[in-house]
Amino acid sequence: MSVRWGLIGASTIARQFMINAIRAQEGGEISAVMSSSPERAKTYAAEHNIPFAVSTLDDLLGADIDAVYISTTNELHLEQALAAIKAGKHVLCEKPLALTSTDARTIVAAAKAAGVVLGTNHHLRNAGAHRALRDAISAGRIGKPIAARVFHAVYLPENLQGWRITKPEAGGGVVLDITVHDADTLRFVLGDDPIEISAFTQSAGMAGSGLEDGAMCIWRFRSGVIAQSHEGFTTKFADTGFEVHGSEGSLIAKNVMTQKPVGSVLLRTAKGEEELSFDREDLYVRSLRQFHAAISGKGQPSATGEDGVWSLASAEAALQSEKSGKAVAIDPKLGSVK
């Protein structure tokens, strides 16, 4: 099956990961790229051997494509996704799907009505490490899950800082950039939904314009599991990790909150310690394989539009909690409510 892609956004993430992932699929090809800067579009297309470079959404959607990958700044996702869906294109969109969960639900409803595939590019679901954690929990290897911890504070590279730390109107800040990922990864690994969150944020010297560059959150899940997460842009020397502690054991994963198929997962029980093996496939290659399968009617994307609504509603609730100083309920159907 041939799937011709159009890139909405001549982005770093497309350059580093998505172009190769699309081309790794049987029948996967990139037909066009759009940037609001015609010069950037032409240069990007030439660098990556993409046949068609355009600077308007209409021109991209009028090209001979089947699907779009959206990796523009967050405030543009809603308009671009809805236009692509209206044009009958399948949509894989970077997180967050939009600036509000209400808008994200609008995208999900439009895709469903149009009969096109919608995916949220939550890459960590495709990591072998996270699937090993999920499998061990669902197999009962740690007994009943009790608590989890996520360490996802990193140092945002200079080439990625830009709008993420200067533009509230573009959806900048660490919560919409990283807390959304942690919400999705906790949901995926635990097989459980968050129902309440309490959050503190900080500006530790990188972000301006009233944006946050660090956050710590406490989560409550439907099953009674509680979790804590730390997200940041300013910690140059921190490791990342994911721990789940249960009644009969603990899972300790190190260096796994990353775009690369690296890290380790340790299972610790009364029997001792066991290093779990997992596949090291490229996360984005796996994501694209599932997306292509969904286009052909087999299964669904690794992270659906509904998953994107959940993660955005969780991030919204975190920002509301920070402002109100109170725990905030998470309801993806209603948006976050106090």
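In which sense do strand 7 and strand 10 pair, and over how many bridges?

Modeller: First, the ground rules. This is a predicted model: local features need pLDDT of at least 70, side-chain atom pairs count only at pLDDT 80 or more, and totals for chains, interfaces and linings use all residues. Residues are numbered from 1 along each chain as its sequence is written, and side-chain values use heavy atoms, with hydrogens and water left out.

Now the strands. Strand 7 (residues 145-153) and strand 10 (residues 226-232) run parallel, joined by seven bridges. Strands here are DSSP E runs of at least two residues, helices are H or I runs of at least four, and both are numbered from the N terminus. Two strands count as paired if DSSP finds at least two bridges between them. Along this pairing, Ala147 faces Ile226 of strand 10. Further on, Phe151 has His230 of strand 10 as its bridge partner.

Strand 10 also pairs with strand 9 (residues 214-221), this time antiparallel, through seven bridges. Here Ala215 stands opposite Glu231 of strand 10. Cys217 is bridged to Ser229 of strand 10. Strands 9 and 10 make a hairpin with four residues between them. In its turn, Gly224 has a positive phi of about 105°.

Strand 9 in turn pairs with strand 8 (residues 194-202), antiparallel, over eight bridges. Ala199 stands opposite Cys217 of strand 9.

Next, the domains. An automatic or database assignment sets the bounds. Domain 1 covers 3-123 + 285-303, and domain 2 covers 124-280 + 312-329. Their C-alpha centres are 25 Å apart. Contact (heavy atoms within 4.5 Å) involves 21 residues of domain 1 and 21 residues of domain 2. The two domains bury about 1900 Å² between them, 55% of it on carbon and sulfur atoms. That area is the accessible area (1.4 Å probe) lost on putting the parts together, summed over both.

One salt bridge crosses this interface. The term means a side-chain nitrogen of Lys or Arg within 4 Å of a carboxyl oxygen of Asp or Glu. Asp177 and Lys95 form a salt bridge, with their closest N and O atoms 3.2 Å apart. On the domain 1 side, helix 1 (12-23), helix 5 (101-114) and helix 9 (283-295) each give at least two residues to the face that touches domain 2. By class, that face has seven nonpolar, eleven polar and three charged residues. Nonpolar means Ala, Val, Leu, Ile, Met, Phe, Trp, Tyr, Cys and Pro; charged means Asp, Glu, Lys and Arg; the others, Gly among them, are polar.

Pro96 sits in the loop between strand 5 (90-93) and helix 5.

The structure holds 16 salt bridges. One of them joins Asp279 to Arg131, with closest N and O atoms 3.0 Å apart. Asp279 is in the loop between strand 14 and helix 9 and Arg131 is in helix 6 (residues 128-138), so the pair ties together parts 148 residues apart in sequence.

Asn49 lies in the loop between helix 2 (38-47) and strand 3 (52-54).
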